[in-house]
Amino acid sequence: MTSMLNKFLFFKYHLSILIICFLCFSFNNKNAKTGKLYKKEISSETFNVIRDAENIYSIVSPSFGLPTPENKGWNSNVHFIVTKSGVLLFDTGSSESIGYKIKRTIASVTSLPVRWVVNSHSHADHWLGNAAFADTTTEIITSKHALTEMKKNGNDDITFYNKVTKGKIGSTRLVFPSSIINNNLKRNFDGIEVEFILTEENHSAGDIIMWLPNHKVVFGGDILSSDWMPVITDDVNIPSLINTLNSIVELNPTKVLTGHGNATTVKSIVRDINLLSSVWKQVKLDSENGSKPEETLLKIKAELEPQYKLLYKNYTTEIERFINLMYSLQN
Ligand SMILES: [Zn+2]
C-alpha cells in the first residue's frame, strides 16, 4: 500500500514538473503557432487564450446562445491586440465579473494596460464587461447608433441576464463608451494600423467591423460567423448585409475572428453570402407569387439543405426562422 502510494506521489511529482515545463515553454514561446492554445486556464481566475497572429489573441467562449446558469453568462468572444504601449481590446463580455476575468487573462499575456476598448455593437454580451476597464485613461470606442441602443437597453439587459443566469452573472455597473465614431475611420494605435468599418442594419443598429490591413485579420463581431448561421435579427437589411460581406471578402483576410465561435477564414464569409443570397432570392420570388413561408421552406429543404446542413451547427433549427424573417422583410 505504502509503495503504491510512493509510486503515485513520485508519478504525481514528475507530472507536475512536466506540466510546469510545458507551461513555461508555451508562455515564453513568442513564435507559438497561431490558432493553437497559447495560455491555458490555470485557475478559475482566467480564460484560455488563443494566439491568432503576431500580437493578436482571442478568448473564445465555448458557449453559443443565451447566457445560462451553466455558462455563468459567458457566451461571447473577445479579441485583443498588444501594441508597444498598451492593449486594444475588441469587446468586453457579458458582465462586469466576466470583464474582470478577461482583464486578468490579458494580464497573464502582457503586463501592458488595456488602453483602448472597442465595443463592436450594442448587444449586452459584447459590452457589459466595460466596467472592468472603466479607467480614466482607457478610451472606450463605439458607433453612435450602438451607444443610443446601449443607453436604451443597458439596464433591462442587466436584469434579463441576471434572470437567465439565475444570478450567476453577478452585479454589473453600466459603463458607456466615451469615444464615438460616425464614419469609417483609419487610426494608428501605437504602430498598429486599424480600419473601422461602420455598418447599419446588418446585425444590429451600428455594428463596427475592425480590419487590420497589415495583419490581414478582420474582427467581425456578430456580422461574421464561423460555426453557426449568420446572426440575423429584426434589424437586418439582407441586401445591405450581403454587400458588407462582399466588401469584407474583397479585403481578402487571412484570418476571420468572430463574436461567437472559433476563428475562421474567408470561406465562411463566402458560404454565408451564398446561403443568404439563395434564401433571399427564393423568398422574394415566392412572396411575389403569393406563396407562403411553409412552401418556401419545403423548396429550401429540398434544394439547399444537403449543401448547408453540414456547414452550420444550427442550420436545421434556424432555417425556418430565416425564411419567416425574410418574408416579414418583403413589405
Ligand atoms: Zn449581437
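In this predicted model, helix H4 (residues 238-251) and helix H5 (residues 266-288) pack with their axes 10 Å apart and at an angle of about 155°. That angle makes H4 roughly antiparallel to H5, because angles over 145 degrees fall in that class. The crossing of H4 past H5 is left-handed.

Once neighbours within four places in sequence are set aside, the contacts of isoleucine 242 are Ile273, Leu276 and Ser277. The C-alpha atoms of isoleucine 242 and aspartate 272 are separated by 8.4 Å, although the two residues lie 30 apart along the chain. Is isoleucine 242 buried, exposed or partly exposed? The residue has 18 C-beta neighbours inside 10 Å and therefore counts as partly exposed, since burial requires 20 or more.

The axes of helix H6 (residues 293-303) and helix H8 (residues 315-328) come within 10 Å and cross at roughly 135°. H6 and H8 are therefore oblique to each other, and their crossing is right-handed. H6 contributes Pro293, Thr296, Leu297 and Ile300 to the contact, while H8 contributes Ile319, Glu320, Ile323, Asn324 and Tyr327.

The helices belong to a protein chain with eight helices and 13 strands. Of its 331 residues, 40% count as buried. Among contacts between residues at least 6 apart in sequence, 65% join residues at least 24 apart.

Turning to the strands, five of them form an open sheet of mixed pairing, in the order S9-S10-S11-S12-S13. Strand S9 (185-189) and strand S13 (255-257) are at the edges; each has a single partner strand, so one side of each is left without a neighbour in the sheet. Neighbouring strands of the sheet are turned against each other by 20° on average, with direction ignored.

Strand S11 (residues 208-212) runs antiparallel to strand S10 (residues 192-198), and four bridges join the two. Leucine 198 has isoleucine 208 of S11 as its bridge partner, and glutamate 195 stands opposite tryptophan 211. On its other pairing, S11 meets strand S12 (residues 217-219) in the antiparallel sense over three bridges. Here leucine 212 is partnered by valine 217 of S12. S11 and S12 form a hairpin with four residues between them, and lysine 216 in the turn has a positive phi of about 60°.

Why is S11 described as largely enclosed by the rest of the structure? Five of its five residues are buried, so the strand is largely enclosed. The burial extends to both faces: Ile208, Met210 and Leu212 lie on one side, and Ile209 and Trp211 on the other.

In soluble globular proteins, nonpolar side chains tend to be buried together. The largest nonpolar core here has 56 residues, and Phe80, Leu89, Val117, Ile209, Met210, Val218 and Val279 touch the most other members. With neighbours within four places in sequence left aside, valine 218 is in contact with Ile209, Trp211, Leu224, Ile248, Leu251, Pro253, Val256 and Leu257. A second, separate core has nine residues, among them Ala124, Met150, Ile158 and Ile169.

Two loop lysines complete the picture. Lysine 72 is in the loop between strand S3 (56-59) and strand S4 (78-82), and lysine 166 is in the loop between helix H3 (144-164) and strand S8 (179-181). Phi is near 50° for lysine 72, a positive value in a residue other than glycine; for lysine 166, phi is likewise near 50°. Lysine 166, with 11 other C-beta atoms within 10 Å, is exposed.

Definitions and conventions: Residues numbered from 1 in each chain as written. Predicted model: local features only at pLDDT ≥ 70, side-chain atom pairs only at ≥ 80, totals over all residues. Buried ≥ 20, exposed ≤ 12 C-beta atoms within 10 Å, placed from the backbone. Contact = placed C-beta atoms within 7 Å. Pairing = 2+ DSSP bridges. Axes fitted to C-alpha atoms, helices over the stretch in contact; angles between N-to-C directions. Core = buried A, V, L, I, M, F, W, Y, C linked by C-beta atoms within 7 Å. Parallel < 35°, antiparallel > 145°, perpendicular 65-115°, else oblique. Left-handed = near helix turned anticlockwise from the far one by under 90°.
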